[in-house]
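Keep the sequence and the structure in view, and try each task before reading its solution.

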Amino acid sequence: MKTKIENIALFDQMNQSLTQTSLLFDETGILDVGEHVNHQDTDHVISGEGLTGVPGLIDSHVHLSMDGNPDPFRERVENLEADDAYKAMRNATKQLESGVVTVRNVGSKYNVDIALRNAIAKGLVDGPRIAASGEPIVMTGGHAHSMAIEADGVDEVRKAARKQLKSGADLLKLMATGGVMTPGVDPNSPQLGEDELRAASVEATHAGKITAAHAQGIDGIKNTIRAGITTVEHGIYLDDEAIEMMLEYGTYLVPTLVAPYNIVEHGLDAGIPEYAVEKSKRVMARHQESFYKAYQAGVKIAAGTDAGTPFNFHGKFVKELELMVDNGMSPGDVLRSATLTAAQAMKIDAQTGSLEVGKACDLLIVEGNPLEDMASLRNVVAVYKEGQCLFNQKESSPSRTT
Ligand SMILES: [Zn+2]
């Protein structure tokens, strides 16, 4: 069915401005953009008067089978596979209804994210486009080991990488340092070594896939970059040398500023474990400083939330985008990092990330101008994925929006 939306203010990636125009699309993709688009052979014409259209948002770092509970890794041990599957499905719906049309899921126990991606592709359930890593690969006792494959040495990591690729992973997630949410591990300490990370990176490249490494401390960050990993997740303790290396290797940064922010905001009283609160307080200022330095230097930045960590709920991407603005990124660059740059990092920019002829019509329609106020992205009017309207504020029942 051919749909025309006329007189809508569309976000233009090149000029980082809004242009009043018309958009013609169907399920196969965007057919035309411009004032000249006419009504011929159009099945459906919608007025975009007073509305703004941006490319469907892309959150580059989520955990669909985690909810935002105060102590998620404890739940990892207690949950059944089916518990995680139901959660992932509901969280995927929340993402979609908030305008996030694509997510990169970087760690789900039981490969629940891969199964959900398949179910969406088969049309069994609606949901966003999912790039799924399945279970992360970590050293024995490493960060998030309760939801991961433990592997030590090049041979074991290579085997784990091949196993995940065989299971249908779109990317491999690796842990290059300790993290905030696992007791007893330090965010600064390296975990999988450069040779282990490289083994996974090579396997992913051979399979035409990408890699993401959780890397907070500087040694682990440098191991990650040298190993040819596609994206550094968090990148808390970046130094000038690491920033230079990222530019040289073309490594992307996925900062997830909102993850420690939410932990510090809610704190011990909300039931978050003391070790997580203490570590988050320790890293937050440094994290924001690293983000700003990387941005100033021209490192490619893809926006991501780490949704699923404490009080970091699915469907709340805009808070991360606001923090990026608060920490010195221009609103136009923030929108790009949550759309085109993220698509490029995932190597799906031929398909999505901007509203251009030939790409899928992944579209978020809102009231207001996000270039003036990022909060307007919360005023969701409609969400399209591949030319299909999967959420419309007017038609939704109150229970579906909560
Ligand atoms: Zn994460």
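In this predicted model, the centres of domain 1 and domain 2, taken over C-alpha atoms, are separated by 29 Å.

**Exercise 1. Determine which residue ranges make up the two domains, and describe the side of domain 1 that touches domain 2.**

Solution. 

Step 1. Begin with the division of the chain: domain 1 consists of 3-55 + 353-401, while domain 2 covers 57-345.

Step 2. Next, count the residues that meet across the boundary, where 21 residues of domain 1 are in contact with 25 residues of domain 2.

Step 3. Then assign the domain 1 side to its elements: β5 (51-55), β17 (380-385) and β18 (388-392) are the ones that give two or more residues to it, and β17 supplies the largest share, three residues.

Step 4. Finally, sort the residues on this side of domain 1 by class, which gives 13 nonpolar, five polar and three charged.

**Exercise 2. Work out how the axes of helix α4 and helix α5 are oriented to each other, and list the residues that make the contact.**

Solution. 

Step 1. Locate helix α4 at residues 153-166 and helix α5 at residues 194-206; their axes come within 8 Å and cross at roughly 30 degrees.

Step 2. Compare this angle with the cut-off: angles under 35 degrees count as roughly parallel, and therefore α4 is roughly parallel to α5.

Step 3. List the residues: α4 contributes Gly-153, Val-154, Val-157, Arg-158, Ala-161, Arg-162 and Leu-165, and α5 contributes Asp-195, Glu-196, Ala-199, Ala-200, Glu-203 and Ala-204.

Step 4. Classify them, and the contact of α4 with α5 is found to hold seven nonpolar, one polar and five charged residues.

**Exercise 3. Carry out the analysis for helix α8 and helix α9, giving the angle at which they pack and the handedness of their crossing.**

Solution. 

Step 1. Helix α8 spans residues 258-266 and helix α9 spans residues 274-297, and the two pack at an angle of about 130 degrees with their axes 9 Å apart.

Step 2. This angle makes α8 oblique to α9, because roughly antiparallel would require an angle over 145 degrees and roughly perpendicular one of 65 to 115.

Step 3. The handedness of the crossing of α8 and α9 is left-handed.

Step 4. On the α8 side the residues are Pro-260, Tyr-261, Ile-263 and Val-264, which meet Ala-276, Val-277, Ser-280, Lys-281, Val-283, Met-284 and His-287 in α9.

Step 5. By class, the residues of the contact of α8 with α9 are eight nonpolar, two polar and one charged.

Technical notes. Residues numbered from 1 in each chain as written. Predicted model: local features only at pLDDT ≥ 70, side-chain atom pairs only at ≥ 80, totals over all residues. Axes fitted to C-alpha atoms, helices over the stretch in contact; angles between N-to-C directions. Helix = DSSP H or I, 4+ residues; strand = E, 2+ residues; numbered from the N terminus. Contact = placed C-beta atoms within 7 Å. Nonpolar A, V, L, I, M, F, W, Y, C, P; charged D, E, K, R; others polar. Left-handed = near helix turned anticlockwise from the far one by under 90°. Domains from an automatic or database assignment.
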